[in-house]
Amino acid sequence: MMHFADSLTFSGRKVVAAWAALPFPALSGSSLPSILSAHQQDVPWKLLSSWKEQKVSCCFAQSVVLRGICKEKPTSQPRSPLQSWESPEQVLQQYLHTQFPGAFSTAHVLQQPCDTRPPFPQFFSPLLSGRGFLQDKAQGSSSAGVESIPVLAALQSSPILHSLLSGLCRDLRARNVRRCSSFFTAGVEQDDFQEALEELKTLSQCYETGFGADGSEDEADSD
């Protein structure tokens with residue numbers, strides 16, 4: 001995983017964020033172009049971190065893997081511009097280029113879905129079919145029949161990591177670590193701790209883009 005993350009980072013960046021859609025929101029019988037065309041305003045996957053920000057409008061590099069979506073052709077659905085691409089990988093790649101222009105993106109699509117049979121926890125909505133696709137009506141009060149689901153996972157190097165890393169740096173600086181005797185008895189020196197905080201702040205600055213409200217966070221870091 002470390003080497004994979006390194007392939008998505010450059011210009012001093014070392015961290016990537018994990019995103020996922022579990023399950024990937026797809027209607028049964030829909031084609032991949034029609035599914036992605038329904039999410040032109042916002043990508044259908046969410047940040048796995050507990051950080052308050054959940055949307056990202058740009059990124060530097062990303063790797064996206066989608067599994068469990070077959071090459072089904074739409075029947076009564078309107079034609080999408082994405083349907084001009086032949087393979088599922090090309091469709092997903094074009095969607096990524098549209099959502100994140102200028103970013104380095106890799107896309108992989110696998111037909112095999114994620115197996116969710118026991119002991120996988122059955123926390124799914126009753127609106128899901130046995131194959132994990134969305135339905136208009138619930139098929140019962142239990143989701144025990146969900147045996148597999150389509151899943152999308154992504155690793156992304158994006159400006160959102162500036163907010164996450166700088167927020168972590170502020171939280172650590174706000175704590176009086178001298179009161180935590182076990183912290184330094186474990187072998188951590190005060191100077192090493194301060195140096196690590198400075199390195200964390202420098203790392204967060206590598207994810208700045210010069211746009212947005214990042215300035216207020218920098219001012220808070222300098223206090």
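**Close-up views of a predicted model**

**View 1. The loop that carries proline 23, and a cis peptide bond within the predicted model.** Proline 23 sits in the loop that connects β1 to α2. In this model, which is predicted, the peptide bond joining leucine 22 and proline 23 is cis, with omega about 5°. A cis bond is also found from proline 118 to proline 119, where omega is near 15°, and proline 119 belongs to the loop between β5 (114–115) and β6 (148–149). As background to this view, most peptide bonds are trans, and most residues other than glycine have a negative phi.

**View 2. Serine 11 and its positive phi.** Serine 11 is part of the loop between α1 (2–6) and β1. Its phi is near 55°, which is a positive value in a residue other than glycine. Is serine 11 buried or exposed? With a relative accessible area of 55%, serine 11 is exposed.

**View 3. The elements of the protein chain.** The protein chain holds seven helices and seven strands, and, read from the N terminus, these elements follow the order α-β-α-β-β-α-β-β-β-β-α-α-α-α. Of its 223 residues, 39% count as buried. The accessible surface of the protein chain comes to about 13000 Å², and carbon and sulfur atoms account for 55% of that area. When contacts in the protein chain between residues at least 6 apart in sequence are considered, 75% of them join residues at least 24 apart.

**View 4. The five-stranded open sheet.** The sheet is open and mixed in its pairing, with its five strands arranged in the order β2-β1-β7-β3-β4. Its edges are formed by β2 (46–47) and β4 (104–110), each of which pairs on one side only. Helix α3 (residues 88–99) packs on this sheet, where it touches β3 and β4, and the direction of the helix makes about 145° with that of β4. In general, strands of a sheet pair through backbone hydrogen bonds, either parallel or antiparallel.

**View 5. Strand β7 and its two neighbours.** On one side, β7 pairs with β1 in the antiparallel sense over five bridges, and within this pairing alanine 20 stands opposite alanine 153 of β7. Strand β7 (residues 151–157) also pairs with strand β3 (residues 61–67), again in the antiparallel sense, over seven bridges.

**View 6. Strand β3 beside β4.** Strands β3 and β4 run parallel and are joined by seven bridges. Strand β3 is mostly covered, since five of its seven residues are buried.

View 7. Leucine 36 touches Phe24, Leu82, Val91, Leu92 and Tyr95, leaving aside residues up to four places away in sequence.

View 8. Serine 158 lies in the loop between β7 and α4 and is buried, with a relative accessible area of 0%. Which residues does serine 158 touch, not counting residues up to four places away in sequence? These contacts are with Val56, Cys58, Cys59, Phe60 and Tyr207. Leucine 168, by contrast, is found in helix α4 and counts as partly exposed, at 39% relative accessibility. The C-alpha atoms of leucine 168 and leucine 197 are separated by 9.4 Å, although these residues are 29 residues apart along the chain.

Terms used:
Residues numbered from 1 in each chain as written. Predicted model: local features only at pLDDT ≥ 70, side-chain atom pairs only at ≥ 80, totals over all residues. Heavy atoms only, no water. Helix = DSSP H or I, 4+ residues; strand = E, 2+ residues; numbered from the N terminus. Buried < 20%, exposed > 50% of the residue type's maximum accessible area, 1.4 Å probe, protein only. Contact = heavy atoms within 4.5 Å. Areas by Shrake-Rupley, 256 points an atom, 1.4 Å probe, with all protein chains shown as cover. Pairing = 2+ DSSP bridges. Axes fitted to C-alpha atoms, helices over the stretch in contact; angles between N-to-C directions.
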